Amino acid sequence: MGKQEISTLFSSNPDKYYRVALFDKLGFQRHRCITCGKFFWSILDKSVCPDHERYNFIGNPPTKKRFDYVMAWKEVENHFRTEDHSIIRRYPVACRWREDLYFTIASIVDFQRIIGDKVIFELPSNPLVVPQVCLRFNDIENVGVSGRHYTSFCMIGQTCNADIQGGYWKDRCIDLDFKLLTNVLGINQSEITFVEDVWMGAGAFGYSLEYFVRGLELGNAVFTEFEGDANQYRVMKNKIIDMGAGLERLAWITMGTPTSYDSCFESVIKYMENSIGLEKNKEFLSSYFTLISDKFNYLNGYQSDNVNILKGEIAKEMHLSFEQLEKIVSPYEAIYTIADHSRTLLFAISDGSLPSNVGGGYNLRILLRRILAIIERNKWNIKIDNLIDLHISYLKNMYPELEQYRNEVLEIMKIESDRYINARNRMNSIANNLKKTQKQLTVDDLIKLYESDGITPDFLKELDIISDIPHNFYTKLAELHESAQKQSNNRLFDIDEELPPTRLLFYEDPFLRSFSAKVLKIINNKYVVLDESAFYPRGGGQEPDNGTIDTFPVSDVIKYNNIVMHKVENLSSLIKEGSVVNCMVNSNRRDSITKHHTATHILNSAARNTLGSWVWQNSAFKDVDYGRLDITHHSALTKEQVSDIENIANTIVMKNLDVNIKEYERGESEQKFSFRIYQGGVVPSNNVRIVNISDFDIEACGGTHVSKTGELGLIKILKSERIQDGVIRLEFVAGKHAIDFINKQDHHISLITNTLGSSKERIVESFTRYFDESEKLRTKIKIFMRKTAIILAQYVCSNAKQISNDGVKVYSTFDNELDEDYHILIGEKSIGLDPLLLYISFISKGDGVRVIVFVGEEARKYGYNAGQIAKELSGRLGGSGGGDKRFGQGGGKFKNKINEVLVGENFINNTILGRKNQDGLQ
Ligand SMILES: [Zn+2]
Ligand SMILES: [Zn+2]
């Protein structure tokens with residue numbers, strides 16, 4: 001049974017599923033749309049559902065009250081607070097608590113936690129309302145164009161668990177929403193239509209009532225009553241109400257502005273209108289956007305390739321040419337787009353997301369590049385800093401946290417803008433080539449251009465390389481970048497019987513190194529399952545313990561579901577199921593890994609303190625001899641930044657802070673410590689183990705840790721490297737390995753001082769002097785070479801051998817003393833002296849050989865080609881080469897063939913003459 005069957009099931013029993021008390025009280029009747037067959041409820045006698053109604057609130061709102069975005073929220077907040085709802089702060093737009101999502105896409109996502117393949121709802125209070133900012137990137141091309149599409153919008157989430165204290169079900173839900181529309185927003189009862197629908201999510205489904213006013217959907221109340229799938233389901237123990245209403249739309253319906261953007265971005269739009277000197281023709285825009293909204297509405301999220309067809313129709317209706325219409329409308333589309341995109345970036349960066357080429361960051365980069373391309377294309381004087389400041393000063397009444405991250409947001413926007421400008425030169429040259437070839441570019445071509453060279457279609461449009469941005473470009477691109485993190489749950493083991501979860505002794509006593517346990521099972525003659533274990537299994541980036549079970553070495557430890565498996569090499573028949581075994585954990589190994597793990601936590605917060613709030617752990621790896629921490633950051637680190645991070649980390653070590661480990665109920669820990677705890681990813685259990693380094697760093701983590709930071713002794717960062725766009729890798733050592741590293745460096749310094757005949761104290765001085773001297777020598781040699789070149793060239797010319805009747809001569813040499821620079825200088829001089837000369841040198845280089853070829857001007861006229869000769873000779877030496885007619889170079893790895901080439905003059909002659917004949921005279 002699919003969605004259609006469920007829909008039929010619910011529709012066939014409307015009294016049970018859809019009829020609410022309000023409908024009877026006010027005389028709502030059930031109707032069926034004559035166009036699409038959908039069922040809906042309204043007081044007025046209507047024949048079509050709201051999907052087939054025209055937008056008729058633009059310029060003519062159905063209420064006397066006027067509420068812009070923030071005002072509308074204040075009304076909503078007040079209404080639900082009076083009705084005993086907790087009003088909670090929005091959750092981050094970067095969805096750190098779900099592995100399958102980069103961004104929060106709906107208000108209900110705040111309260112969903114996924115355990116296994118089950119969705120669990122966790123509400124911090126009941127009932128509640130949240131103004132959740134949601135990010136969606138599947139309609140980017142409609143943003144600014146349709147009048148109502150956004151990349152970020154506020155979904156008012158009215159959420160409740162019906163079956164616990166404070167909960168309610170559909171009658172009260174619809175009552176409250178109806179009251180909001182009528183009493184609070186002042187909309188007449190008869191204007192409101194409820195449409196029957198169904199909702200299906202992961203592992204649960206229910207029926208829903210969508211409510212509309214004058215063709216505009218304002219909200220959707222979902223009653224999640226069943227769990228399971230369409231074939232097999234039952235009533236949930238805790239039924240959930242998930243009502244989501246678009247705040248942008250509530251504002252729009254009361255304001256009746258040409259677009260929804262005008263009700264939400266007033267100050268930002270005004271700023272842009274003033275900057276570019278745009279005079280708003282409100283009436284024209286109202287009629288235009290009524291028409292375009294209608295077209296989008298009729299077509300239900302218009303999905304064709306070309307929005308221009310719609311515009312063409314509208315131009316006709318408005319008695320204008322397409323070009324005339326475009327001229328008026330396109331600046332507005334542009335500023336609406338900028339307003340939307342800049343607000344999305346503000347939220348995303350404030351919440352710690354970075355624009356990049358990977359993962360969700362990719363969408364953010366697209367948004368910023370679209371803004372920059374629009375501003376550049378139109379040569380507008382619009383400052384991104386001003387846009388951000390205007391957004392913040394308007395939104396701070398609702399989202400005070402935005403002000404706190406202002407500087408970080410501006411910094412990231414600046415870095416990203418500069419990056420775009422720097423990339424422009426390269427993009428320009430690629431674009432010019434495209435222009436020359438005049439190739440018809442497909443969507444796939446455009447995607448490739450973006451992926452490999454960062455070239456946006458906006459940019460190509462600006463250069464007239466494409467006439468329009470294909471409608472599905474951004475959708476297709478977004479699909480490509482959708483989170484593909486879903487890990488396949490391969491069954492690695494066949495465990496036929498139910499084994500009890502292994503008791504994890506390393507949590508109970510982190511210092512336990514020897515213990516005895518009962519063997520419950522031996523799998524594949526290799527993996528030993530014990531009833532309890534002090535062996536830490538591989539997990540969370542921490543490498544597993546080693547040790548012995550009854551003196552047999554344990555080489556690996558893994559966890560499968562709740563069971564710890566010990567891989568034992570050469571498992572003897574002495575270890576039997578049911579027997580009791582003595583186990584030893586390798587203590588040195590565990591201690592080193594543990595220190596590297598705690599150091600990871602310290603470095604993570606040290607990096608955030610040094611670099612900025614956007615720093616998150618991307619991944620981490622803790623091994624015996626070193627640790628690795630990948631953090632999110634926009635640029636490669638400077639030496640100073642690395643040493644700052646190291647200094648902060650070592651200050652924490654020296655302070656000898658307590659490392660407290662405590663379990664919390666998940667919801668409690670999220671509220672108490674924020675989503676920052678999810679540095680190492682999502683914790684798939686109800687209880688969260690919080691590792692708190694005296695409030696310096698607080699993370700949810702299942703690894704092993706020291707109890708005081710002083711135990712680390714020292715943290716030393718070995719290396720920092722930008723491993724991908726937006727991700728920096730730090731490699732480090734702690735404890736004994738840090739000391740070893742310092743000792744090794746000290747030893748190297750001793751070797752150098754010995755060679756220099758200096759002392760450690762004076763090593764920098766001595767080295768600088770030594771280096772300066774060798775630089776001077778290098779310069780002297782160059783001068784000497786230049787001065788003697790002419791004499792050497794004369795020698796070359798007089799020792800060249802004539803190879804054919806046309807007077808062409810060849811000089812060839814093998815050199816294992818001087819380098820390429822020398823031969824390039826002499827070769828060049830020689831063909832200058834004798835234009836009939838071919839200069840060929842083979843230069844020994846390591847295990848291989850380099851080939852340099854010059855051909856004089858006259859010799860070139862006879863068809864001798866330096867590039868060809870270099871290619872041929874290099875080929876025979878087992879390598880490759882090339883060049884132009886005058887100069888060629890290459891090389892090969894068969895040094896031993898040099899003699900063959902040099903001794904056998906004929907070989908050269910044949911090669912060169914062969915070339916010549918093949919190419920013919922020019
Ligand atoms: Zn309909
Ligand atoms: Zn950890």
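Phe194 touches Leu22, Phe23, Phe28, Phe40, Trp41, Ile174, Phe178, Leu209, Glu210 and Tyr211, leaving aside residues up to four places away in sequence; contact here means heavy atoms within 4.5 Å. This is a predicted model, in which local features need pLDDT of at least 70 and side-chain atom pairs count only at pLDDT 80 or more, while totals for chains, interfaces and linings use all residues. Residues are numbered from 1 along each chain as its sequence is written, chains are lettered from A and ligands numbered from 1 in the order in which they are written, and side-chain values use heavy atoms, with hydrogens and water left out.

Phe194 belongs to the largest nonpolar core, which has 203 residues, and together with Leu460 it touches the most other members. A nonpolar core is a set of buried Ala, Val, Leu, Ile, Met, Phe, Trp, Tyr and Cys residues joined through side-chain atoms within 4.5 Å. Buried means under 20% relative accessible area, exposed means over 50%, and partly exposed lies in between (1.4 Å probe, protein chains only). Helix H11 (residues 322-350) supplies the largest share of this core, 13 residues. A second, separate core of 23 residues includes Phe515, Ile522, Leu571 and Val585. In soluble globular proteins, nonpolar side chains tend to be buried together.

Strand E2 is the next element to consider. Helices (H or I, at least four residues) and strands (E, at least two) are DSSP runs, numbered from the N terminus, and two strands pair if DSSP finds at least two bridges between them. E2 runs antiparallel to E1, to which it is joined by four bridges, and Gln29 stands opposite Ser42 in E2. The hairpin of E1 and E2 has six residues between the strands, and Gly37 there takes a positive phi near 85°. E2 also pairs with strand E8 (residues 192-201) in the antiparallel sense, over two bridges; in this pairing Phe40 stands opposite Val195 in E8. In a regular strand the side chains alternate between the two faces of the sheet. Both faces of E2 are covered, with Phe39 and Trp41 buried on one side and Phe40 and Ser42 buried on the other.

Donors are N, O and S atoms within 2.8 Å of the metal (3.2 Å for Na, K and Ca), and water is not among the atoms, so sites may look incomplete. Cys36 lies in the loop between strand E1 (29-32) and strand E2 (39-42), and Cys49 lies 13 residues away in the loop between E2 and helix H4 (69-82), so that the pair links distant parts of the chain. Cys36 counts as partly exposed because its relative accessibility is 38%, whereas Cys49, at 1%, counts as buried.

The zinc ion (ligand 2) is coordinated by His597 (NE2), His601 (NE2) and Cys701 (SG), at 2.1 to 2.3 Å. The sequence spacing of these donor residues is H-x3-H-x99-C. His601 and Cys701 are both buried.

Elsewhere, a closed barrel of six strands runs E13-E14-E18-E17-E16-E19, with antiparallel pairing.
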